[in-house]
Amino acid sequence: MDDIIQSIALYAIPVIFAITLHEAAHGYVARMFGDPTAYQMGRVSLNPVRHIDPVGTLLVPLVILLASKLLGSPGILFGWAKPVPVDFSRLRRPKQDMLWVAAAGPASNLFMAILWGLVLKLVYQSGGAEGFWFDMAAAGVQINLVLMALNLLPLLPLDGGRMLYSLLPHRLAWQYSRMEPYGMMIVLLLLFSGALWVFLQPIFALGSTIVGWFL
């Protein structure tokens with residue numbers, strides 16, 4: 001039980017900020033490109049309370065963490081926040097600007113992974129290689145890279161799907177958009193089949209390499 005409580009304490013702050021800052025980044029960039037919807041609703045904020053989804057931000061990561069501890073096998077820790085409302089029709093160039101709004105989320109996770117990496121390096125150099133803060137920083141790097149990789153999968157409604165939609169010619173983009181209702185079912189199927197990591201690993205490895213450039 002103590003091990004589970006310690007794990008929750010280690011992962012709580014990295015998970016909450018990874019998910020909530022991801023959503024705030026979408027709203028901030030949407031405002032830059034002409035859609036103030038999220039800003040007007042108070043969602044362009046660093047206050048996690050404005051973004052927390054009781055199920056996606058708290059319950060799902062907690063269940064995955066508990067299951068991985070009880071079963072003795074590592075799980076892919078992920079979750080989600082309340083989606084930031086974006087009215088793509090209000091963007092100055094809706095289809096083109098969608099690319100940057102979607103990319104803002106994974107980019108924020110990469111940025112946070114770099115920051116946690118710098119904290120990891122600082123703690124290590126201070127002689128705390130086996131302490132609580134070292135473990136939390138390591139968790140922060142891992143969580144943000146996993147969320148970045150997950151959201152870059154080219155499946156709607158994930159950010160990678162939005163980015164691909166933005167880049168496709170109009171006719172192909174419209175045909176591609178028809179798979180959106182099935183996107184999350186595909187992700188869950190990959191997760192429960194154990195195949196999800198096969199697709200995430202190359203993106204995760206690239207993110208790890210980028211983080212390493214700053215350490």
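1. Residues 24 or more positions apart make up 73% of the protein's contacts (heavy atoms within 4.5 Å) that have a separation of 6 or more.

2. A word on provenance: this is a predicted model, in which local features need pLDDT of at least 70, side-chain atom pairs count only at pLDDT 80 or more, and totals for chains, interfaces and linings use all residues. Residues are numbered from 1 along each chain as its sequence is written, and side-chain values use heavy atoms, with hydrogens and water left out.

3. The protein has 9 helices and 0 strands; helices are DSSP runs of H or I with at least four residues, strands runs of E with at least two, numbered from the N terminus.

4. The C-alpha trace spans about 55 × 35 × 35 Å along its principal axes.

5. Now to a helix pair: α4 (residues 94-125) and α6 (residues 159-167) pack at about 155°, their axes 8 Å apart. Axes are lines fitted to C-alpha atoms over the stretch in contact, and angles run from 0 to 180 degrees between N-to-C directions. The two helices are therefore roughly antiparallel (over 145 degrees).

6. Who makes this contact? On α4, the residues include Lys 95, Met 98, Leu 99 and Pro 106; on α6, among them are Asp 159, Arg 162, Met 163 and Leu 167.

Key
Parallel < 35°, antiparallel > 145°, perpendicular 65-115°, else oblique.
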